[in-house]
Structures are given as C-alpha cells and as structure tokens.
Amino acid sequence: PPPDGGLLEAWQIFSLNSSSGELRSRLPLDYERAQTFHLVVTATDGGNATATATVRVLLSGEDEYEPVFLSPTWSFQVPEGARRGQRIGQVVATDEDHGVDGVVLYSLAEPSPYFAVNRTTGAISLRLDGGHGGHGAGSPREVTLEVEAGSPLATSRRARARVTIDVTHTALGLPP
C-alpha cells in the first residue's frame, strides 16, 4: 500500500510495454493480500484506431509458511471401557498461507495399530476397543505418536507435534 495507507490501483502495480504488450509487475505481489487484479488495456494503431480489452491477472499462492501446532506436545488419556472409534483428544495446527497452501491436513508420521487421526479435524480416536482393567495406577503405560500437519500438496511445508496417550486403564495388550 502507499505511505498514506490507501489502496493502489492496478495501473500503479503493473507496467505495460507499449511496443510488445508485455505486462510486468512494478511491485512484489502477495497472494495473502490480493489474488486477482483487473486492468483495462487500450491498443492504438498507426491510423489512430483503438481497441480495449479487460485483462484479469490471477495470482497463484506460494507455500510461504509452515503449519504451527497450538502446542508442540499434547497429552491425552484413554478412559477405562473406551470403545473403538471413541475420540480421545484433538490436536490443532494453523497455517498463515491462504488458498490450498493454507489448508491443514493431519496424519500420523508412523501408522499405529491403536490410534488414528482424522485427516481434516485432527481428532485422535481409538482403533480398537480399549477394554476394562489395565495395570492400575502402579504401572503407568503410555503410547507416543507423532502427528504431522501439512497442506494437501505433495510439496507442502510440514510440522510435527508429539502426542502422549496414557493407556494405563485399558487392556490394549501393550507391555507395561
């Protein structure tokens, strides 16, 4: 924006070569601020005949920012008697990019036979019945997962968070 805080017009942002018709930006363009520009271009021939055309410039985004988890570590507990599919907790990450680069999808860095993460919400759920019992308060048991966040694009910037899940009060068949 100009120093007075006003908005620039498209003709101030772009330059047009009057001989070749090549359109160039005069300023760096930021997808997070604007994605589309409209310009009206007039062409004049040697006999002073003119024609006008509307030019629409569409910016594509760039993956500038990596996702950021609201916390680098998360802790949850599987309650006694938990059933398959039960939600245990949820991780949350944000991304300052706009467009598809700013969409956050979640996955487990390594597959788990006990837990799954919802790709779009970050909710962590139980893949098996937790059962009853467990080993009581004297022998705590934990499972550690790495949850990864990134956009749907293969080249997406990614971030990871560590999730520790207390499975003490379950019968998941994990060693003490």
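1. S151 sits in the loop that joins β12 (142-150) to β13 (158-166). This is a predicted model, and in it S151 has a relative accessible area of 3%, so it is buried. Leaving aside residues up to four places away in sequence, S151 is in contact with V100, D101, V103, S156, R157 and R158.

2. N48 is also a loop residue, placed between β3 (36-44) and β4 (50-58). Its phi is positive, about 65 degrees, although N48 is not a glycine. With a relative accessibility of 62%, N48 is exposed.

3. Four salt bridges are found in a search of the whole structure. One of them pairs R162 with E146, with 3.2 Å between the closest N and O atoms. Because R162 belongs to strand β13 and E146 to strand β12, this pair ties together parts 16 residues apart in sequence. Both residues are partly exposed: R162 has a relative accessible area of 42%, and E146 has a relative accessibility of 24%.

4. E148 and R158 form another salt bridge, the closest N and O atoms lying 4.0 Å apart. The pair connects strand β12, which holds E148, with strand β13, which holds R158, across 10 residues. R158 is partly exposed at 36% relative accessibility, whereas E148, at 16%, is buried.

5. E148 is in strand β12 and R160 in strand β13, so the pair ties together parts 12 residues apart in sequence.

Notes:
Residues are numbered from 1 along each chain as its sequence is written. This is a predicted model: local features need pLDDT of at least 70, side-chain atom pairs count only at pLDDT 80 or more; totals for chains, interfaces and linings use all residues. Side-chain values use heavy atoms; hydrogens and water are left out. Helices (H or I, at least four residues) and strands (E, at least two) are DSSP runs, numbered from the N terminus. Buried means under 20% relative accessible area, exposed over 50%, partly exposed in between (1.4 Å probe, protein chains only). Contact means heavy atoms within 4.5 Å. A salt bridge is a side-chain nitrogen of Lys or Arg within 4 Å of a carboxyl oxygen of Asp or Glu.
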